[in-house]
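Subject: Structure handover

Hello,

Here is the structure for you to look over. My notes follow below it.

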Amino acid sequence: MSQTLFEKIAAREISAQIVFEDDLVLAIRDINPQAPTHVLIFPKRAVPRIAEATPDDHKLLGHLLLKAAEVAKKLDLKGGYRLVINNGVDGGETVPHLHVHLLGGRHLAWPPG
Ligand code: AMP
């Protein structure tokens with residue numbers, strides 16, 4: 001199987017602005033930010049999307065969310081922030097490797113477009 005974009009970033013084959021890393025996850029700045037702070041947090045082990053996660057992934061998914069909150073704290077998003085997971089075409093997914101968007105630094109409208 002060919003590597004996903006985010007696996008290539010994790011392997012340092014493609015450069016990215018890394019804001020956090022541990023054994024299981026990586027957090028990078030989004031290349032096309034939609035807010036003053038826009039970070040992507042993803043597991044190093046590729047899960048294509050949340051709809052394809054299995055019970056075996058439950059610890060990884062918990063870790064992913066906890067680290068997203070930790071990154072938000074590190075980036076000092078005192079006014080609040082939003083975590084987003086896009087799933088499938090209608091959800092706006094463009095990279096088939098599960099990732100959480102962390103958006104902050106401005107007021108975010110609801111509902112999203
Ligand atoms: P999604 O549309 O939810 O699949 O999110 C994919 C995100 O990856 C988009 O916000 C893109 O701007 C971002 N992206 C694509 N290529 C790169 C890259 N090389 N480095 C950082 N972010 C990227």
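A residue counts as buried when its relative accessible area is under 20%. Keep in mind that this is a predicted model.

First, the aromatic rings. Searching the whole structure turns up one aromatic pair. The ring centres of F6 and F42 lie 4.5 Å apart, with the planes at 15 degrees. Planes under 30 degrees apart count as stacked, so this pair is stacked. The two partners come from distant parts of the chain, 36 residues apart. F6 sits in helix α1 (residues 5–10), and F42 belongs to strand β3 (residues 37–43).

Next, helix α2. This helix covers residues 58–74, 17 residues in total. From first C-alpha to last, α2 reaches 24 Å, close to the 24 Å expected at 1.5 Å a residue.

Which residues of α2 are buried? They are L60, L64, K67, A68, V71 and A72. Viewed down the helix axis, the buried residues of α2 fall within an arc of 145 degrees, so they line one face. An α-helix has 3.6 residues a turn, so residues three or four places apart point the same way.

The cover over the buried residues of α2 includes strands β1 (18–21), β2 (25–29), β3, β4 (81–84) and β5 (100–104). On the face turned away from the buried side, α2 carries the exposed residues H58, K59, L66 and K73.

After α2 comes D76, with a positive phi near 65 degrees.

Best regards

Key: Residues are numbered from 1 along each chain as its sequence is written. This is a predicted model: local features need pLDDT of at least 70, side-chain atom pairs count only at pLDDT 80 or more; totals for chains, interfaces and linings use all residues. Side-chain values use heavy atoms; hydrogens and water are left out. Rings of Phe, Tyr and Trp (its six-membered ring) pair if their centres lie within 6.5 Å; planes under 30 degrees apart count as stacked, over 60 as edge-to-face and the rest as tilted. Helices (H or I, at least four residues) and strands (E, at least two) are DSSP runs, numbered from the N terminus. The expected span of a helix is 1.5 Å times one less than its number of residues. Buried means under 20% relative accessible area, exposed over 50%, partly exposed in between (1.4 Å probe, protein chains only). The arc is that of the directions from the helix axis to the C-beta atoms. Contact means heavy atoms within 4.5 Å.
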